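User: I am new to this structure and would like to go through it with you. Could you put it up so that I can ask about it piece by piece?

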Amino acid sequence: TALTTAREFAENFDEHARKGSTLVFAGNIGTGKGHLAVAAAQQVMTQGHSAFFATAREIVLMLRARWDDPKAPSELEVLRMLTSMSLLVIDEIGVQFNTDAERDQLFGVIDGRYRDLMPTILTTNLNTTKLKEAIGERSYSRLREEGRWVRFDWEDFRALSRTERGE
């Protein structure tokens with residue numbers, strides 16, 4: 001189901017871009033959520049669209065970079081870049097510190113993409129309740145409108161032995 005969903009999303013990206021679709025790849029560690037999200041992004045790029053991949057923590061650090069380096073892009077410049085990409089993949093939602101400041105910064109990205117109907121893929125190890133806590137109710141509500149939750153509920157691939165992985 002996860003592969004079929006990602007494939008459909010990438011192959012019909014123009015339609016998803018018109019609707020501002022969101023995919024949330026959620027489940028166990030080591031199940032290929034990031035791998036599948038990057039594969040979808042690569043397919044979207046072959047169609048001439050832009051895509052950007054970053055962890056939630058990296059996005060927060062990008063938005064805060066100007067605080068320590070006056071030559072770094074401003075928070076507004078970073079926000080505009082993140083909201084203008086045809087597809088944004090936000091990996092590892094929930095690994096950041098989950099402070100109110102981080103929630104507000106992620107809300108800026110999610111809300112900007114929501115308002116402009118820009119598709120987003122998120123990956124997380126959190127369930128719906130914990131995801132809502134990590135990103136806040138406002139962000140969660142926006143993701144749900146044109147969003148699809150895709151479960152990755154199988155075993156950690158990296159934990160398998162080489163033989164079990166078919167190597």
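User: Let us start with Thr22. Is Thr22 buried or exposed?

Analyst: This is a predicted model. In it, Thr22 is buried, because its relative accessible area is 5%, and a residue counts as buried under 20%.

User: Which element does Thr22 belong to?

Analyst: Thr22 belongs to strand 1, which covers residues 22–27.

User: And what does Thr22 touch, leaving aside residues up to four places away in sequence?

Analyst: With those set aside, Thr22 is in contact with Thr120, Leu122, Leu143, Glu146, Gly147 and Arg148.

User: What sort of sheet is there, and in what order do the strands run?

Analyst: The sheet is open and has five strands, ordered 2-3-4-1-5, with parallel pairing. Strand 2 (51–55) and strand 5 (147–152) are its edges, each pairing on one side only. On average, neighbouring strands are turned by 15° against each other, with direction ignored.

User: How many bridges join strand 1 and strand 5?

Analyst: Six bridges join strand 1 to strand 5, in the parallel sense. Within this part of the model, Phe25 stands opposite Val150 of strand 5.

User: Changing topic to the helices. How do helix 4 and helix 6 pack?

Analyst: Two packed helices are described by the angle between their axes and the distance between those axes. For helix 4 (residues 56–68) and helix 6 (residues 100–115), the angle is about 100° and the axes are 10 Å apart. Helix 4 is therefore roughly perpendicular to helix 6, a term that covers angles of 65 to 115 degrees.

User: Which residues meet there?

Analyst: From helix 4, the residues are Ala56, Arg57, Ile59, Val60, Leu63, Arg64 and Trp67. They meet Ala101, Glu102, Gln105, Leu106 and Val109 of helix 6. By type, the residues of this contact are eight nonpolar, one polar and three charged.

User: What about helix 6 itself, which of its residues are buried?

Analyst: The buried residues in helix 6 are Glu102, Arg103, Gln105, Leu106, Phe107, Gly108, Val109, Ile110, Asp111, Gly112 and Arg113. They pack against helix 4, helix 5 (75–84), strand 3 (87–93), strand 4 (120–124), helix 7 (128–135) and helix 8 (137–145).

User: What span should helix 6 have, and what does the model show?

Analyst: Helix 6 has 16 residues, so at 1.5 Å a residue it should span 22 Å. Its end C-alpha atoms are 22 Å apart, which agrees.

User: Now helix 8. What does Arg142 touch, again leaving out residues up to four places away in sequence?

Analyst: Arg142, which lies in helix 8, touches Phe107, Ile110, Asp111 and Tyr114. Its relative accessible area is 25%, so Arg142 is partly exposed. Arg142 and Arg113 are 29 residues apart in sequence, and their C-alpha atoms are 9.5 Å apart in space.

User: One more topic: what is the phi of Leu117?

Analyst: Phi of Leu117 is near 55°, a positive value in a residue other than glycine. At 39% relative accessibility, Leu117 counts as partly exposed.

User: And what is the phi of Glu92?

Analyst: Glu92 has a positive phi of about 60°, although Glu92 is not a glycine. Glu92 is in strand 3 and is partly exposed, with a relative accessible area of 31%.

Technical notes:
Residues numbered from 1 in each chain as written. Predicted model: local features only at pLDDT ≥ 70, side-chain atom pairs only at ≥ 80, totals over all residues. Heavy atoms only, no water. Axes fitted to C-alpha atoms, helices over the stretch in contact; angles between N-to-C directions. Helix = DSSP H or I, 4+ residues; strand = E, 2+ residues; numbered from the N terminus. Parallel < 35°, antiparallel > 145°, perpendicular 65-115°, else oblique. Contact = heavy atoms within 4.5 Å. Nonpolar A, V, L, I, M, F, W, Y, C, P; charged D, E, K, R; others polar. Pairing = 2+ DSSP bridges. Buried < 20%, exposed > 50% of the residue type's maximum accessible area, 1.4 Å probe, protein only. Expected span 1.5 Å × (residues − 1).
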